Amino acid sequence: MIPLIQLSIFSLLMYSTGNLKIIDFFTTNSSEYSFDFSFWEGIFSEIFGLIIGSSVEEIFFRAFLFYIFYEALQTIKKDPFKRAFIILFAIAPLFGLAHIENEGATTISTINLGLDAIIMCLPFLITGRLGMSIGMHFSWNLLQGVIFGFAISGNIAKASIISVEMPNNLLTGGIFGPEGSIIFVLLDIIALILILYWKRIKNYNSFINPYIIKQNSK
């Protein structure tokens, strides 16, 4: 739901400013690849790839690195809550840097993805589980590329429900996609507000789930 709201707002802003034009529906993008495929082959291939990619990235960047640094800093920062937040902000830039070689990557896109790493890590810290973080990551990429037809961190989906045309500028994010846009920070602020609202209605009392601290404290 959160990625749908974010990308709907992004699309409306692009359309209202004359930066988005819908040119087709149910299209394949085989010209971007070295082999031919049908629309449905492209769709299912994208879904499968995004499930694997989103899961692997979340496990590595949100959990694996977090736990390693959490243990490593145990003797330096005793307070488990402060330690968790230090690590949250310390490892976030690594997610942006991991995409720096992607097509169309810029300083703005790298910073944006670093900020997005913080947003996607919050559900993990709040719940102590990766389910919501993986779900947000997968949904964002699926909606971004397969539904709305935007580039996914510089990569073009094999097939998309909507095919759009946008100029290459700072507002659209250019060939990198929405994550390279100067208004991406606004989208993350919206996501943060929605996560805080979700946290409240789910009655989570802390930003750091006790399960994380218990499992990683000596």
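Buried means under 20% relative accessible area, exposed means over 50%, and partly exposed lies in between, with a 1.4 Å probe and protein chains only. The model is predicted, so local features need pLDDT of at least 70 and side-chain atom pairs count only at pLDDT 80 or more, while totals for chains, interfaces and linings use all residues. Residues are numbered from 1 along each chain as its sequence is written, and side-chain values use heavy atoms, with hydrogens and water left out.

View 1. Ser-153, in the loop between α5 (131–147) and β2, is buried, with a relative accessible area of 7%. Its phi is positive, about 50 degrees, although Ser-153 is not a glycine. Phe-26 has its place in strand β1 (residues 21–28), and here too phi is positive in a residue other than glycine, near 50 degrees. At 54% relative accessibility, Phe-26 counts as exposed. Helices (H or I, at least four residues) and strands (E, at least two) are DSSP runs, numbered from the N terminus.

View 2. Ser-163 lies in strand β2 (residues 159–165) and counts as buried, at 14% relative accessibility. Leaving aside neighbours within four places in sequence, Ser-163 is in contact (heavy atoms within 4.5 Å) with Lys-21, Ile-22, Ile-23, Asp-24 and Thr-27.

**View 3. Met-166 and Asn-19.** Met-166 is found in the loop between β2 and α6 and is partly exposed, at 23% relative accessibility. Although Met-166 and Asn-19 are 147 residues apart along the chain, their C-alpha atoms are separated by 5.5 Å. Not counting residues up to four places away in sequence, Met-166 touches Asn-19 as well as Met-14, Leu-20, Phe-150 and Thr-172.

**View 4. The largest nonpolar core.** A nonpolar core is a set of buried Ala, Val, Leu, Ile, Met, Phe, Trp, Tyr and Cys residues joined through side-chain atoms within 4.5 Å. The largest one has 30 residues, of which Phe-66, Leu-88, Phe-95, Phe-124, Leu-125 and Ile-195 touch the most other members. At least two residues of this core are supplied by each of α2, α3, α4 (107–127) and α6 (184–201), and α4 gives the most, with 10 residues. Apart from this core lies another, of 13 residues, among them Phe-10, Met-14, Ile-183 and Leu-187. In soluble globular proteins, nonpolar side chains tend to be buried together.

**View 5. Helix α3.** With 18 residues, α3 reaches 27 Å from its first C-alpha to its last, close to the 26 Å expected at 1.5 Å a residue, where the expected span is 1.5 Å times one less than the number of residues. Its buried residues include Pro-80, Arg-83, Leu-88 and Phe-95. Leu-97, also placed in α3, is partly exposed, with a relative accessible area of 46%.

**View 6. A nonpolar surface patch.** Phe-60, Phe-64, Ile-68, Phe-69, Leu-94, Leu-97 and Ile-100 make a nonpolar surface patch of about 600 Å². Two or more residues of the patch come from each of α2 (39–72) and α3 (80–97), and α2 has the largest share, 4 residues. Patches are made of residues with over 30% relative accessible area and no salt bridge, like charges being joined within 9 Å and nonpolar side chains (Val, Leu, Ile, Met, Phe, Trp, Tyr) within 5 Å. A salt bridge is a side-chain nitrogen of Lys or Arg within 4 Å of a carboxyl oxygen of Asp or Glu, and accessible areas come from the Shrake-Rupley method with a 1.4 Å probe, only the protein chains shown counting as cover for residues.
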